[in-house]
Amino acid sequence: MRSFFCGGYNDRSYTIAQIETGIDAAVAAVRAKYPNAKVSVLSNSTRIGDEKVADALKRVDNNILKLDSAITPTMRLIDQPTSKEFNSEQLIEQLKQFSSQCIIQTMMLRGVHDGQRIDNTTEEE
């Protein structure tokens with residue numbers, strides 16, 4: 001079976017309509033040539049709370065969704081989200097809507113960035 005990664009997107013750079021259209025176009029293009037192929041999309045997860053974005057992502061086979069920390073201050077250091085309201089607790093709840101149709105991607109980091117220590121490999125994480 002073939003598997004296609006149709007690209008990732010930075011949720012903050014696109015409108016919701018562009019995300020929907022892009023996903024639908026990618027799925028249609030792959031399905032037209034390879035009807036049994038699995039389609040994957042990588043997302044930074046910042047917009048999955050929007051119903052239209054979530055519905056579009058659910059139309060692909062593999063949602064690769066980012067969760068770099070279960071602890072909000074660490075996540076904010078790593079991901080630097082533009083929304084002050086965006087937090088790990090909310091994101092984890094939003095990820096649950098994908099159930100078994102979700103692959104969690106995380107990046108393990110230990111170091112210093114802009115003078116602040118980052119370590120999402122601790123027992124607490």
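Author: The dialogue below moves from confidence to helices, the core, salt bridges and backbone angles.

Reader: What should I know about the model before I begin?

Author: This is a predicted model, in which local features need pLDDT of at least 70 and side-chain atom pairs count only at pLDDT 80 or more, while totals for chains, interfaces and linings use all residues. Residues are numbered from 1 along each chain as its sequence is written, and side-chain values use heavy atoms, with hydrogens and water left out.

Reader: Where is confidence lowest, and where is it highest?

Author: The quantity to read is pLDDT, the predictor's confidence in each residue, from 0 to 100. Where pLDDT is low, the predicted coordinates should not be read in detail. The protein averages a pLDDT of 85, and 89% of the residues score at least 70. Confidence is lowest in strand β1 (residues 3–9), at a mean of 49, and highest in α4, at 95. Helices (H or I, at least four residues) and strands (E, at least two) are DSSP runs, numbered from the N terminus.

Reader: Which residues of helix α4 are buried?

Author: Burial is read from relative accessible area: buried means under 20%, exposed over 50%, and partly exposed in between (1.4 Å probe, protein chains only). In helix α4 (residues 88–95), the buried residues are Ser88, Leu91, Gln94 and Leu95. They lie on the same side of α4, because they cover an arc of only 120 degrees around the axis; the arc is that of the directions from the helix axis to the C-beta atoms. The general idea is that an α-helix has 3.6 residues a turn, so residues three or four places apart point the same way.

Reader: What covers those buried residues of α4, and what caps the N-terminal end of the helix?

Author: The cover includes β3 (62–66), α3 (72–79) and β4 (102–105), where contact means heavy atoms within 4.5 Å. The cap at the N-terminal end of α4 is Asn87, with a side-chain oxygen 3.2 Å from the backbone nitrogen of Glu89. Asn87 and Thr46 are 41 residues apart in sequence and 9.6 Å apart in space, C-alpha to C-alpha. Thr46 belongs to the loop between β2 (38–43) and α2 (51–57), and its side chain makes a polar contact with the side chain of Asn44 (3.0 Å). A polar contact is a pair of N or O atoms within 3.5 Å; within protein, one must be able to donate a hydrogen and the other to accept it, and residues adjacent in sequence count only if both atoms are side-chain atoms.

Reader: Which residues of the largest nonpolar core touch the most other members?

Author: In soluble globular proteins, nonpolar side chains tend to be buried together. A nonpolar core is a set of buried Ala, Val, Leu, Ile, Met, Phe, Trp, Tyr and Cys residues joined through side-chain atoms within 4.5 Å. The largest one here has 21 residues, and those touching the most other members are Ile23, Ile48, Leu57, Leu65, Leu95 and Phe98. At least two residues of this core come from each of α1 (16–33), β2, α2 and α4.

Author: A salt bridge is a side-chain nitrogen of Lys or Arg within 4 Å of a carboxyl oxygen of Asp or Glu. By this rule the count is six. In one of them, Arg59 pairs with Asp24, the closest N and O atoms being 2.7 Å apart. Arg59 lies in the loop between α2 and β3 and Asp24 in helix α1, so the pair ties together parts that are 35 residues apart in sequence. Asp61 forms a salt bridge with Arg31, with the closest N and O atoms 2.9 Å apart. Here too the loop between α2 and β3, which holds Asp61, is tied to helix α1, which holds Arg31, and the parts are 30 residues apart in sequence.

Reader: Which backbone angle does Gln80 show?

Author: Most residues other than glycine have a negative phi, and most peptide bonds are trans. Gln80 has a positive phi of about 50 degrees although it is not a glycine. Gln80 lies in the loop between α3 and α4 and counts as partly exposed, at 45% relative accessibility. Asp114 also has a positive phi of about 50 degrees without being a glycine. Asp114 is in the loop between β5 (110–113) and β6 (116–119), and at 68% relative accessibility it counts as exposed.
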